[in-house]
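Me: I am new to this structure and would like to understand the terms used to describe it. Please set each value against its definition.

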Amino acid sequence: MNRRFRSLGWICTAAVLLTAAMSVLVAGAQSSGGAVVLATQSDAARLDPAATGDVPSMMVQSVMFEGLVGWDKDQKLVPQLAESWTLSDGGKVITWRLRHGVKFHDGEEFDAPAAKVNFDRWLDKANGLLTLSQFASVDGVEVVDKYTLKMTLKEVNGALLQTLAGRRAMFNSPKALAKWGKEINLHPTGTGPFEFVDWVPKDRITVKRFEGYWGSKPALEKITFKPVPEPASRVAMLEAGDADMAAPIPIQDVARLRGNPKLHVMMVDSLDNLHFALNMQKDIFKDVRVRQAVNYAVDKEAIVKNIYNGLAVPLTKSPVSPFLWGYSSVGDFYKYDPAKARELLKAAGVKPGTKLVMWIPDGRYVQDRQVGEAVAGYLREVGLDPQIVKMEWATYIGRVGQKPDPIAPYDLAMLAWSVGTQDADWGIGGTFLSTNWPPRAYNLAFYKSDVVDNALAAGRQTTDGAKRMEAYKIAQKQIMEDAPWLFLVAPKFIGAAKKELQNVYVIPFGGAVVKDAAIKR
Amino acid sequence: MGRLIGRRLLFLLPVLFGILAAVFVTMRIVPGDPARLVAGPDAGPEELAAIRHQFGLDLPLHVQFGRYLLDVLRGEFGQSLKTQRPVLDEIVPRLWNTALLAVLSTFFAAALGLLAGIVAAARRNSTFDHMTMAVAMLGVSTPSFYLGIVLIVVFAVMLRLFPAGGSGGLIHLILPAVTLGASTLGIVARMTRASMIDVLDEDYIRTARAKGVRERVIVARHALRNALLPVIAVVALQFGFVLAGSVLVETVFSFPGIGWLIVESISMRDFPVVQGSILLVTFVSVLVNLAADLLYGYADPRIKF
């Protein structure tokens, strides 16, 4: 018995020592010298820009890839791999003059043939990429000469430039595409200032400075993107010095981090427009007075102040975020007035105690649960009886995205609509165009307005910026008057970084931009 | 012993099949469109149809299951819908990470728990005994999520002794292992104490004392061996729970383990990863239980297989 226990003890000790030895072999992410660690909310899904749309993927891709056009720090459209472009044939032909001397990370040259290979790949339905609907208006692309590309459209598309800047239209090396095929996702080969090193799933993605970059050489040598799903842990990593930057940061930590002399906090109005869609298939919301009453019943300023600590914009001037291209302030709508709300409900014949089913995607959006409960409280005060139904995100988006049979079961459904193109065409159209009822897209209010449909069409069918703005202004005004939504807030997107990490910023679509970062010692 | 191993492995096959069928059907019944979740809300109908076709999600359920079963028998578990990486490439490194964490946390819990339980039993009803059992109860009842955050704040942020999360060597495993092992430590301490007290009241122990054998020798050589038997069983069972229940700790510490992968894959309706993960975790759990039974038999020669 004694011998058995001794040998058991030795076996256990050996197992633990072996475990410890094996764990030492695993390399980790350390911040040092010209290297930074960025703590993000989740791991990238894929590293092929044409196959992804999530923020964590785009954050990594944005340091490795470039497109014909991009956005600067102020989210203004700027040339990137195209030096210039001209429109002709009423806007149906775009001629691109490409930048010379640009190399992919594998040494291949970026030129018109390389761009065409990528465009053909994006437009080929057989590839099933996420570029199909975004570039549906592109008929084809042809090489005019080594550095000139001609793009022909099926119809004028005023939103196309923004779409091309929207991070899905970033180029992979044709040689890499030919070599890796569908596995290009794991072997990203762009033209950006950083090139891919490795990807340990759920642990880190590492990129290093690309010495052959055509533009200004980055100050950083290496960037490591580290997924940290728990917000408190993300903040802790930053405060402990294990990360140089973290985004997003929870609202409740902002004040404390601002008081930390070693850190600086960054924020920007996000593109998210948090709202409750009012189901106009249901009789109660067919009456505009009821929809307006619901808006008067809820104090959006108080929600911004008390739930978001002031770090949000109330959607009282437009249904969309101020950062969306095409945003216009169309008035001051639905200032908190519960008496007016009761009056409108009474005039519309809504009985006190009328039940309303409110769907909320629990934990999907910043403070979504708290906002939902606050809204329910406000609606109770004006005599309605809201019943909150919470669902996890996958179930929620599956159910709201279903074809109604025959009508959708909710009365109010929460959503925040944010588009990577940062343009009103899809930013408004995705949720208000009458052809975008579920399952096609997310017009969860089942709203139909000829004025809005025509305005959105007009905005799309011209490349004149001023005319587009005017068209979208008409659409926004009509939407605010018709109130197909309970308009709520556009929260800010917040990040924080060590004081010595300069030239980093956060962007409205979500995510942080670190490619121009430098460590100031 | 050979018959036991053979029986258990044979029994494993219908268990795995049943688990596979249950997970396969459940994931497809639960609301949520994996194509939409992969593509994002702004994807159009053509893109969604292409994704569904690419992964065979537009085929009848029985055809999908049949194809999947044949692939599994060939050792192919498919590709992740989210990342398009082979499922085994997603799972195996993470399973290994969680196993490392489970071994370390169990060792920490067993070693400290045993020590605390032995001393508490030897000094029954003393202040040390009461304090040890109170701490043990705290370990059992404190939510691991909360404990993890507290350890991060104290030891990573304030004292800077350990990293706040991630992986990268033994140092990254310490705080997660302590968090994960706290509950097991409490159970082992209490179990050891109770078991030691029972054994210390036995006649043969009284005889040893009467013969003048030193108390330290009585505890370490005569009592401990017999008191350990139920503790071994508990530790082996707890190892299985630790392996399966590590998701909260992995999330708090951003530790790339299997628990985090499974939960995230369920949220994303990444069917192949969920199916493969649960299959492998089941396989490992059965092996762990078998190892526990063999260990118990080895420790107690009275047990015959």
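Me: What covers the buried residues of H3(B)?
Reply: The cover includes helix H2 (34-39) of chain B. Covering rests on contact, which requires that the C-beta atoms of two residues, placed from the backbone, lie within 7 Å. The model is predicted: local features need pLDDT of at least 70, side-chain atom pairs count only at pLDDT 80 or more, and totals for chains, interfaces and linings use all residues. Residues are numbered from 1 along each chain as its sequence is written, while chains are lettered from A and ligands numbered from 1 in the order in which they are written.

Me: Which residues of helix H3 of chain B are called buried, and what makes a residue buried?
Reply: In H3(B), residues 45-54, they are Glu47(B), Leu48(B), Ala50(B), Ile51(B) and Arg52(B). A residue is buried if 20 or more other C-beta atoms lie within 10 Å of its own, exposed if 12 or fewer, and partly exposed in between, with C-beta atoms placed from the backbone. By this rule, 43% of the 305 residues in chain B are buried, and 52% of the 521 residues of chain A. Just after H3(B), Gly56(B) takes a positive phi of about 70 degrees.

Me: What makes a stretch count as a helix or a strand?
Reply: Both are DSSP runs, numbered from the N terminus: helices (H or I) have at least four residues and strands (E) at least two. Chain B has 13 helices and zero strands, whereas chain A has 15 helices and 22 strands.

Me: Why are H6(A) and H7(B) called roughly parallel?
Reply: The axes of H6(A) (residues 231-240) and H7(B) (residues 144-158) come within 10 Å and cross at roughly 10 degrees. Axes are lines fitted to C-alpha atoms, for helices over the stretch in contact, and angles run from 0 to 180 degrees between N-to-C directions. Angles under 35 degrees count as roughly parallel, over 145 as roughly antiparallel, 65 to 115 as roughly perpendicular and the rest as oblique. The two helices are therefore roughly parallel to each other. On the H6(A) side, Ala232(A), Ser233(A), Ala236(A), Glu239(A) and Ala240(A) make the contact; on the H7(B) side, Ile149(B), Ile152(B), Val153(B), Ala156(B) and Val157(B).

Me: How many residues of this contact are nonpolar, polar and charged?
Reply: There are eight nonpolar, one polar and one charged. Ala, Val, Leu, Ile, Met, Phe, Trp, Tyr, Cys and Pro count as nonpolar, Asp, Glu, Lys and Arg as charged, and the others, Gly among them, as polar.

Me: How many residues of chain A are in contact with chain B?
Reply: 55 residues of chain A are in contact with 57 residues of chain B. Helix H1 (2-25) of chain A is among the elements that give two or more residues to the chain A side, and H1(A) gives the most, with 10 residues.
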